[in-house]
Amino acid sequence: MPRFQDGTDTPRAYLERCLEVIAAREPVVRAWVTLNEAGAREAADAATARYKAGRVLSTIDGMPIGIKDILQTKDMPTEQGTPLFKGVQTKTDSASVLALRQAGAVILGKTVTTELGMSHSGATTNPFNPDHTPGGSSSGSAAVIGAGMVPAALGTQVVGSIIRPAGFCANTAIKPSFGAIIHRGERLAFSQSHIGVHAGDLTDMWRVLYEMGVRSGGDPGQPGLYGEAALRPAAKPSRLIVMESEGWAMTDAATAGAFEQILGQLRDAGVTILRRGDNPLIENFEHAIGESLAICRDVCGYELRWTLENLVERFTTGLSNSMMSRLDLAHSMTIEDYRLVLMQREAARRAFEAIGYLADGLISLFSIGPAPLMENKAKDSGVTHTTGLPAYNAATSVLGSAAITLPLLSVSGMPVGVQVIG
């Protein structure tokens, strides 16, 4: 943005460089469903004129941004990763997308999502090795950042759909606290739906989130995102709690060892590291989040039931076996089952609140290892996750807590993120 302001660069010239990278890398990465190059050029030209006239709209005026294809865009189809909605155009912007347009952002295109934002993967490959998954469900949003195609993209998360693919693709990304950014206009809505940002660095990540938050607000009844326009200076924490969750027992040795090195560096810097054996409240917290994958499975399954039943009645075929297994799960649940799992979720949130005074935040891995191969068929709790197990992500989605992943590690030549949790 400083170069836009002093005239040494322009939004239009920057957009053209992004399009050059897309042209070079998209044939292998396959991260985009739709590109609106004409509309993007028009928006970039308008931003260029605003900078010349000194009428800049925001800190992201002229920034090219990708939009996960779960979110609606008035000028492009919203296909949700399923052939059932091929070419479907709602002619409506989700609240988050409208906010970005009002801030002057250049909405370049729609990024690939897994089927209905769940587990059945699309065509996108990992930008660091096409034999590996980029993660999901925000597959394309993570991949466009990892490939250097755009500076920022929107993702959504119900279980692990922002943080996990971001970590696989070396993004800096945030899943803000539940309700911080309104998800109205998302074609699917769950009681754990979060909208967040994938970016190449912390500054762009925060600017996009902030500019979106001050315009769209939070979910109905929620106070929305807090914070100032400028990213706060770095500050050393005094104490951090390691969140093991279900993931630690499944983490491969190389990834666990790399994470322990990070913890060692933090200790050397004077940060106290607390683990489950150091305090009974932390042990209680770990116990409370110990079935987060199953909680997410059941909450999502039950809440998705009505959508899937309507789709089956309307189309008969076209949903994946993975999605049909979720419908089978939903049919096996009663309203009492759903109430019980909500009680489990609430107990986890109370256990989380109880450890709040012990440290400045939590730290964990983002995944049990680097991105698995594309043909991965790993399962947990009866659900196939072709884009990697969300064993470290389900907990923060259950808790509704803010989480940021930082690209701090490399294992076997692939990115591995470290998750910092508010």
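Which element gives the most to the lining of the second largest pocket? I opened the notebook with that one, and H1 is what I wrote down, with three residues. A reminder to myself before going on: this is a predicted model.

**Entry 1: the second largest pocket**

I looked up the volume of the second largest pocket and got about 240 Å³. Its lining has 16 residues, and I found Met1, Phe4, Tyr14, Met63 and Asp204 closest to the centre. Helix H1 (2–6), helix H2 (11–29) and H7 are the elements that give two or more residues to this lining. Sorting the lining of the second largest pocket by class, I counted eight nonpolar, two polar and six charged residues.

**Entry 2: the largest pocket**

Next I turned to the largest pocket, with a volume of about 1300 Å³. I noted 40 lining residues, with Leu202, Leu231, Ala235, Ile404 and Val420 nearest the centre. Which elements each supply at least two residues of the lining here? My list reads helix H7 (202–216), helix H8 (253–268), strand E9 (361–365), strand E12 (403–411) and strand E13 (414–421). I was pleased to meet H7 again, as it also gives two or more residues to the lining of the second largest pocket. By class, I have 30 nonpolar, six polar and four charged residues around the largest pocket.

I kept a general point in mind here: in soluble globular proteins, nonpolar side chains tend to be buried together. The largest nonpolar core in this model has 70 residues, and I marked Leu116, Ile241, Phe285, Leu308, Ile355 and Leu362 as those with the most contacts inside it. Helix H10 (residues 292–315) gives the most to this core, with nine residues. I then picked isoleucine 355 and, leaving aside neighbours within four places in sequence, found it in contact with Ile241, Leu281, Ile282, Phe285 and Leu362. There is also a second, separate core of 25 residues, and I noted Ile60, Val97, Ala152 and Leu154 among them.

**Entry 3: aspartate 93**

Is aspartate 93 buried or exposed? I have it as buried, because its relative accessible area is 14%, under the 20% cut-off. I located aspartate 93 in the loop between strand E2 (64–68) and helix H4 (95–102). Its side chain reaches the backbone nitrogen of lysine 74 at 2.8 Å, and it makes a polar contact with the side chain of arginine 101 at 2.7 Å. Leaving aside neighbours within four places in sequence, I listed Gln72, Thr73, Lys74, Leu98 and Arg101 as the contacts of aspartate 93.

Key. Residues are numbered from 1 along each chain as its sequence is written. This is a predicted model: local features need pLDDT of at least 70, side-chain atom pairs count only at pLDDT 80 or more; totals for chains, interfaces and linings use all residues. Side-chain values use heavy atoms; hydrogens and water are left out. Helices (H or I, at least four residues) and strands (E, at least two) are DSSP runs, numbered from the N terminus. Buried means under 20% relative accessible area, exposed over 50%, partly exposed in between (1.4 Å probe, protein chains only). A polar contact is a pair of N or O atoms within 3.5 Å; within protein, one must be able to donate a hydrogen and the other to accept it, and residues adjacent in sequence count only if both atoms are side-chain atoms. Contact means heavy atoms within 4.5 Å. On a 1 Å grid over the protein atoms alone, a cavity is a set of points where a 1.4 Å probe fits but cannot get out, and a pocket is an open set with protein on both sides within 12 Å along at least five of seven lines; lining residues have an atom within 4 Å of a point. Grid points are joined across faces, edges and corners, and a volume is the space filled by probe spheres set on the points. Ala, Val, Leu, Ile, Met, Phe, Trp, Tyr, Cys and Pro count as nonpolar, Asp, Glu, Lys and Arg as charged, and the others, Gly among them, as polar. A nonpolar core is a set of buried Ala, Val, Leu, Ile, Met, Phe, Trp, Tyr and Cys residues joined through side-chain atoms within 4.5 Å.
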